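Biologist: Thanks for sitting down with me over this model. Could you take me through how its parts meet?

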Amino acid sequence: KKRNAGEPEFIQAVTEVFMCLEPVVEKRPDLVEAGVFERIVEPERQIIFRVPWVDDNGKVQVNRGFRIQFNSAIGPYKGGLRLHPSVYSGIIKFLGFEQIFKNSLTTLPMGGGKGGSDFDPKGKSDGEVMRFCQSFMTELCKHIGPDCDVPAGDIGTGAREIGYMFGQYKRIRNEWSGVLTGKGLTYGGSLARTEATGFGLCYFTEEMLKANGKSFKDQTVVISGSGNVAIYATKKATEFGAKVVALSDSNGYIYDPDGIDLPVVQQIKEVERGRIKEYVDRTSHKNATYTEGCSGIWSIKCDIALPCATQNEIDADSAKKLAANGCYAVSEGANMPSTPEAIDVYFENKMLYGPAKAANAGGVATSGLEMSQNSERLSWTFEEVDAKLHGIMKEIFKSCDEAAKEFGMEGNYMAGANIAGFLKVAEAMKAQGCV
Ligand code: NDP
C-alpha cells in the first residue's frame, strides 16, 4: 500500500484479486516460493510522457500520456488506451492489472497492458483530436510493436482515434503491421470488433443465467452508459428476448418502458456524438423520460443489470436498491463498475454476479482475433469472428465455474475468474524464472 499510495483504484483491484486467491496460496506453496504474488503486482514497465499539441486557436496544450506494460508472461502486452480527464497513474495501473487476468481467461496468448491520457476528446474538433493522437503516438511508437505491445480502444478511444494513431505509427516507422487493434475495416480491422465487448457480455451472461435455470428471455434489463459497450449489449440482449429499458451518460439517464429504440441511440451517439438526453425528443416512444444525474439509473426496477459506463458506478446504496427491486443478476461490461461494498450486497442477496474481467473479455478476445488475421494477412467473415467470440465466452464462463467449484466456492464467479486467470499466468511466471 505504501508503494502505491495515492492510487486507491489500483489497491482496490489488487485487494479483490488477492482475497480470492487465499485458497490458492494454501494449495500451491510452490507459487508462493517462486515469488509470483510479489512479482505480479509490480508492473514490468511504466512509461509517462508529455503530449504537446496545438488547439484550433493556435494555443499550445499539454496532456500527460501513459502506457503500462504490466505482465508479458503469456504473450505481448495487450490492452486499451483510455482518453478521459480522470486518467492518472492509479487508473491506468488498475486497468493494466485487471487486464492480465482478463487476457489470460480469453485462452489467447496475450499479456497485460493499458494506457491513455488525461486528454478529453469531448467537445474537440476532428483536427484537434488528430493533432493530439499524432503527438501521443510520436512518443508511444517507441515502446510498442506487433510482437511487443498492441494497444486498442477504451473510453474516449474509438475508431476515429485509432485511425489517427495508426496513421502516425505507420508514417514514423514506415511499417504496416497489426500494432493497434480496433482498426477500420479498410485497413486491417476485424469484423465484429465493434460489437465484441457488448455481444460478449451478453454471451457470458446468458451462460451464467442458463447455469442457474434462467435466461434473458422476457427479462427487464437496465444498462448504464451509452458508448460502445452499452450500445452492443443493448442490441444482443434485445436479440436474446430481453427488454432493455434504460441507458445513461455522465449527465443523466433515459428510461423507456417500451424498450430502447436502438437506431435512435446509435444515430445520436455514433453518428452525431451527441448526448443521451436528446433521445426523448427523437424517439417515437411516447413514454420515454430523461432524468439528470446518472446514479439514479439503479433505482429503476429490473431483473438484470449490466453496468457498462465506468469504474465504481454502483456503490452499496445503488446495489441495495437493485436488490430491493428484485434484480437477481449483475454482469459487468465496464471495468470494476461495482465497489467492494456493492459486491458484498450482491452476495448477501444471493444475486448472480458476472465480474468484469470475465464478462467483458470479449473485446480483447476479438482484438486477439484481429491480431491473428493481421498476421495471416487474411480477414474472416463476421459470422466466423462472432462464432469464435461466442465459443470463447462460453469457455470463459466454464473456466470460472469450474475453478470456483474446484476451490470450494461454487457459484462465486468472481473467485473463479480471479483463480482461473491467475493460475495460467502464475505457472508461466514460475516456469520462466525470477524475471
Ligand atoms: P465509450 O467512451 O464508448 O462510452 C463510455 C460511456 O460511459 C459513455 O456513455 C460515458 O458517458 C459513460 N461514462 C464514462 N465515464 C463516466 C463517468 N465518470 N461517469 C458516468 N458515466 C461515464 O467507452 P466504452 O463503451 O468503450 O467503455 C465503457 C466501459 O467498458 C469502460 O469501463 C471500459 O474500460 C470498458 N471496456 C470497454 C471495452 C471496449 O472494447 N470498448 C472492452 C472492455 C471493457 P459520457 O459520454 O458522458 O462520458
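Biologist: How many residues of domain 2 are in contact with domain 1?

Modeller: Happy to start there, and please keep in mind that this is a predicted model. The protein is divided into domain 1 (8–178) and domain 2 (195–350), and 26 Å separate their centres, taken over C-alpha atoms. On the side of domain 1, nine residues take part in the contact. Their partners in domain 2 number six residues.

Biologist: Which element gives the largest share of the side of domain 1 that touches domain 2?

Modeller: Two elements give two or more residues to that side, α1 (8–20) and α5 (89–105). By class, the side of domain 1 that touches domain 2 has four nonpolar, two polar and three charged residues. The largest share is four residues, and they come from α1.

Biologist: Now the ligand, please. Which helix provides the largest share of the shell around the ligand?

Modeller: The shell has 23 residues, and the closest to the ligand are Gly227, Asp249, Ser250, Ala334 and Gly363. Domain 1 and domain 2 each supply at least three residues of the shell. The largest share, three residues, belongs to residues 228–239, that is, helix α9.

Biologist: Which residues of α8 meet α9, and is the crossing left-handed or right-handed?

Modeller: From α9, the contact includes Asn228, Val229, Ala230, Ile231 and Tyr232. Among the α8 residues that meet α9 are Thr194, Glu195, Thr197, Gly198, Phe199, Leu201 and Cys202. By class, this contact holds nine nonpolar, four polar and three charged residues. The handedness of the α8 and α9 crossing is right-handed.

Biologist: How many nonpolar residues are in the contact of α8 with α16?

Modeller: The axes of α8 and helix α16 (residues 382–406) come within 9 Å and cross at roughly 45°, which means that α8 is oblique to α16. α8 passes α16 in a right-handed crossing. Contact residues include Phe199, Tyr203 and Phe204 of α8 as well as Leu389, Met393 and Phe397 of α16. Besides two polar and three charged residues, the contact has a nonpolar count of ten.

Biologist: One last pair. Are α12 and α13 roughly parallel or roughly antiparallel to each other?

Modeller: Helix α12 (residues 316–324) and helix α13 (residues 340–348) have axes that come within 7 Å and cross at roughly 20°. Angles under 35 degrees fall in one class, and therefore α12 and α13 are roughly parallel.

Biologist: Which residues of α13 does α12 meet?

Modeller: α12 passes α13 in a right-handed crossing. Six nonpolar, one polar and two charged residues make up the contact. From α12 come Ala316, Ser318, Ala319, Lys320 and Ala323. In α13 they meet Glu341, Ala342, Val345 and Tyr346.

Notes
Residues are numbered from 1 along each chain as its sequence is written. This is a predicted model: local features need pLDDT of at least 70, side-chain atom pairs count only at pLDDT 80 or more; totals for chains, interfaces and linings use all residues. A residue is near a molecule or strand if its C-beta atom, placed from the backbone, lies within 6 Å of it. Domain bounds come from an automatic or database domain assignment. A crossing is left-handed if the near helix is turned anticlockwise from the far one by less than a right angle, and right-handed if clockwise. Two residues are in contact if their C-beta atoms, placed from the backbone, lie within 7 Å. Ala, Val, Leu, Ile, Met, Phe, Trp, Tyr, Cys and Pro count as nonpolar, Asp, Glu, Lys and Arg as charged, and the others, Gly among them, as polar. Axes are lines fitted to C-alpha atoms, for helices over the stretch in contact, and angles run from 0 to 180 degrees between N-to-C directions. Angles under 35 degrees count as roughly parallel, over 145 as roughly antiparallel, 65 to 115 as roughly perpendicular and the rest as oblique.
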